[in-house]
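Biologist: Can you put the model up? I'd like to go through a few points with you.

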Amino acid sequence: MSMKNRQEGFVDPQELLLRTDWHSVEHCCPNDAPATPVILRHLLDDDTGKQGAALRNLYQAVTHQHTFYSATAPAATFVAAILAHPRTLAEVTDQTPWEVAHRGEKPRFLLRVGLLNWLRSTAADANDESPGGLQADIEAFRALRPALHDAIRPLLTDRDREIREAALAALLPLLAAPELAHHRAELRDTVLALATEDTPHRRHAVRALAAWGEDTTPFQREANTPTDARPSAEGFADDPPF
């Protein structure tokens, strides 16, 4: 499933979904979570509740416990292709109703930021020495890294600061790919600036700089502060996953 050039305008989500034979791929929990195309379709639903639930299901089903499945790569392709869609500017929560009732609702966030964070998290998992999942599914995602880079890169100049920072953080793990390593030099100053900002994404900038051989001593105290760039849960411990 190839990724359409963002400069050609918005893709038709339904047409994009038809590019994959969803019967031939699966996520972690086919008997508990919605099917992958349902999850992806709900990302662009008119109902922000369904959008937030779909984002939650990306983490809990499509990359459950940081594991790659055969549905992961095609889902990532879809997510990257819709980043510029106006409905990704909806403010959502990915908390379950149970969490809201028992813990209170956390501040909502732009779905676009949540999608960028999911791409960042998944790309970072793909860089691990031994990622979870079948090697074929891991390599299918790794093969997407140049296309994901091209889809995310335009958001570095978005007028919204949170989107810009989330986009930069999402690009950083992609630059571990040898074919993208040459982009590190051109982003160095921007990453250095992010490493000094009071933002949850700071630690991703510091880690990237360290991996690039930069002196990160001035940033270490801030980078070790526990934060989570994803606005809400990356897995739930106290309530059922779906």
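Biologist: What is the mean pLDDT here?

Modeller: This is a predicted model, and its mean pLDDT is 88. Of the residues, 86% reach 70 or more.

Biologist: Where does pLDDT stay under 50?

Modeller: Over residues 1-9, and again over residues 225-241.

Biologist: How many contacts beyond four places in sequence does the model have for residues 1-9?

Modeller: For residues 1-9 there are 25. For residues 225-241 the model has 37 such contacts.

Biologist: OK, salt bridges. How many does the structure hold?

Modeller: Eleven salt bridges. One of them joins E15 and R19, with the closest N and O atoms 3.0 Å apart.

Biologist: And how exposed are E15 and R19?

Modeller: E15 has a relative accessibility of 35%, so E15 counts as partly exposed. R19 is partly exposed too, at 28%.

Biologist: What about E105 and R108?

Modeller: Their side chains meet in a salt bridge, 2.9 Å from N to O. E105 is partly exposed, with a relative accessible area of 42%, and R108 is partly exposed at 40%.

Biologist: What does R153 pair with?

Modeller: The side chain of R153 forms a salt bridge with that of E186, at 2.7 Å from N to O. R153 sits in the loop between α8 (145-152) and α9 (161-174), while E186 belongs to helix α10 (residues 183-195), so this pair ties together parts that are 33 residues apart in sequence.

Biologist: Which residues are linked in a network of salt bridges?

Modeller: R161, E165 and E197 are linked in one.

Biologist: Switching to cysteines. How many disulfides does the count come to?

Modeller: The count comes to one disulfide. C28 and C29 form it, with their sulfur atoms 2.3 Å apart.

Biologist: Left-handed or right-handed?

Modeller: The link of C28 and C29 is left-handed, with -80° about the S-S bond.

Biologist: And is C29 buried or exposed?

Modeller: C29 has a relative accessible area of 14%, and the cut-off for buried is under 20%, so C29 counts as buried.

How values were computed: Residues are numbered from 1 along each chain as its sequence is written. This is a predicted model: local features need pLDDT of at least 70, side-chain atom pairs count only at pLDDT 80 or more; totals for chains, interfaces and linings use all residues. Side-chain values use heavy atoms; hydrogens and water are left out. A salt bridge is a side-chain nitrogen of Lys or Arg within 4 Å of a carboxyl oxygen of Asp or Glu. Buried means under 20% relative accessible area, exposed over 50%, partly exposed in between (1.4 Å probe, protein chains only). Helices (H or I, at least four residues) and strands (E, at least two) are DSSP runs, numbered from the N terminus. pLDDT is the predictor's confidence in each residue, from 0 to 100. Contact means heavy atoms within 4.5 Å. A disulfide is a pair of cysteine sulfur atoms within 2.5 Å.
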